[in-house]
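I opened a new page for this protein. These are my notes on what I looked up.

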Amino acid sequence: MLLSSSSAYGINRYDNKNENDSTAGDTTATDNSMKVGDTGCVIGFVMDRFCIDRGTLFDNPSVQTLLNPERHSVHCLIDVGSCVATPFEILTDPSPGSNRYNRAWTLSETAKAEIIALAASTGNPNNSPRCRECTNPDGEIDFGFRVIFNATVLDMGTSLYPPTVDARDIQAINIANPSSVESLTCMDVFGMEEIINTQSAQLEDPAARFRRMALAHGSLMLIAWGWLLPTGAIFAKLSKHRPGDLWFKVHRIVQVLGLLLALAGWIIALNEFTVFQSKGESNYHHGVMGITVMTLGLIQPINALIRPKAAKDGQAKSPARKIWEYIHKGTGWIALLLAVPTIVLGTFQLPQPNDQEAYQIAYGAGCGGILLLTSVLLVVDKSRFKVDEEPATGEDLEQLKSSNETNES
Ligand code: HEM
Ligand code: HEM
């Protein structure tokens, strides 16, 4: 059945400038024989590489990208900065015996721009999820942007990416209109065979890497900002009753260790992720908050290096010391407070819902529980310590005083 170019039949034609330059029917390239310059018909779902790399759809992490590309929203494809910034690929239908769509082709930059324009003109700006770039109030394609076009192979791809193709005569297929999908073949539309890339099954799985890196980053940040750094601050706040500078030693060691782990987590994030292209999305907010938290945290050891001397027993604090304490304590507590929503939002950036849940439990029950316990133990220790020390002999008090005087904090 040959489909007309009317959207009523589920197919929308995008008239690009090469429309008349038809090489349709020239060549039918197949796996082994395929080479640069071959032409043929391509049919499949358009997917941004960001959602392919994540393994799950950015705006619906419960859906695996290569299993259900028909559930990928046009909004995600053309509105979300991280998606638009990455190359687009064509996912062709699963091979027999498999339910995974094949990463068959990378679109050239020109083809990508034309497909974005086509998606905008076929998507409805009023439907949910709201597609900001969509321009057609009667548009019917909100999910699963499927296209058919006349392709020319531009390169043969790599072990990570499928071969690149250019595209002419691109047409959108409305998958919500079954009559258009079931019978639509390359032969129907272009009178030629579909060009097949059988190498796509051998591509490395990028989703495994993204998940590994996200978990490594998340774990380091959880240990650093969820546990160590608050523990060090709690020790500074609640264990000064102990003689000597135990609180200071604990604070310094724990904070330096915490910051080193956080720094490692940050380096992973900067190398692996690209959230700053997603203005307005949750990953962008997480990234901005993350950078603020890290900057405030890294200021701390630097200002600690130039701190004015602490007051000796019985002496008043110098004004310079008072100001430093305000700055160090203020910056520290603000950073730790801001880390809470940053971590919570971070857990939602993980590509797998199970991982999200596990990290949320680890943060809430794990870190929250340990911090609460540490605080309670230190408060109890303080009250006990006072009771124990009350009947202290003069010798005890002398010892306490001299150990306080050697306190370097
Ligand atoms: C690694 C080097 C650091 C050193 C040498 C250091 C030193 C100190 C000192 C001397 C104090 C006590 C101020 C006083 O009460 O007289 C203090 C308190 C504090 N520090 Fe640090 N600090 C370091 C890192 C950090 C970091 C990375 C943070 C948090 C991100 C932090 C957060 C705090 C907080 C919140 C307090 C106040 C606790 C309270 O309310 O009493 N510090 N620090
Ligand atoms: C206070 C702690 C945290 C800080 C400072 C932080 C910082 C950051 C920063 C700066 C980025 C953006 C990197 C870039 O694109 O250049 C980022 C991305 C990311 N973070 Fe965090 N993070 C924290 C906690 C977490 C946690 C606990 C998790 C997960 C359990 C997490 C998961 C992620 C993920 C998955 C991304 C990439 C998101 C994407 O590509 O869409 N983060 N983080």
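What share of the contacts between residues at least 6 apart in sequence join residues at least 24 apart? I found 70%, where a contact means that two C-beta atoms, placed from the backbone, lie within 7 Å.

I noted that this is a predicted model, in which local features need pLDDT of at least 70, side-chain atom pairs count only at pLDDT 80 or more, and totals for chains, interfaces and linings use all residues. Residues are numbered from 1 along each chain as its sequence is written, while chains are lettered from A and ligands numbered from 1 in the order in which they are written.

I listed 12 helices and 8 strands (DSSP runs numbered from the N terminus: H or I of at least four residues, E of at least two).

Next I looked at the cores, meaning sets of buried Ala, Val, Leu, Ile, Met, Phe, Trp, Tyr and Cys residues joined through C-beta atoms within 7 Å. Buried means that 20 or more other C-beta atoms lie within 10 Å of the residue's own. The largest nonpolar core has 50 residues, and Val42 is among those that touch the most other members. Strand 2 (residues 39–48) supplies the largest share of this core, 6 residues. Another core, of 33 residues, lies apart from it and includes Phe273 and Tyr363.

Last I checked ligand 2, which 28 residues surround (C-beta atom, placed from the backbone, within 6 Å). Gly218, Met221, Asn283, Gly290 and Gly346 are the closest. Helix 9 gives the most to this shell, 7 residues.

Methods: A residue is buried if 20 or more other C-beta atoms lie within 10 Å of its own, exposed if 12 or fewer, and partly exposed in between; C-beta atoms are placed from the backbone.
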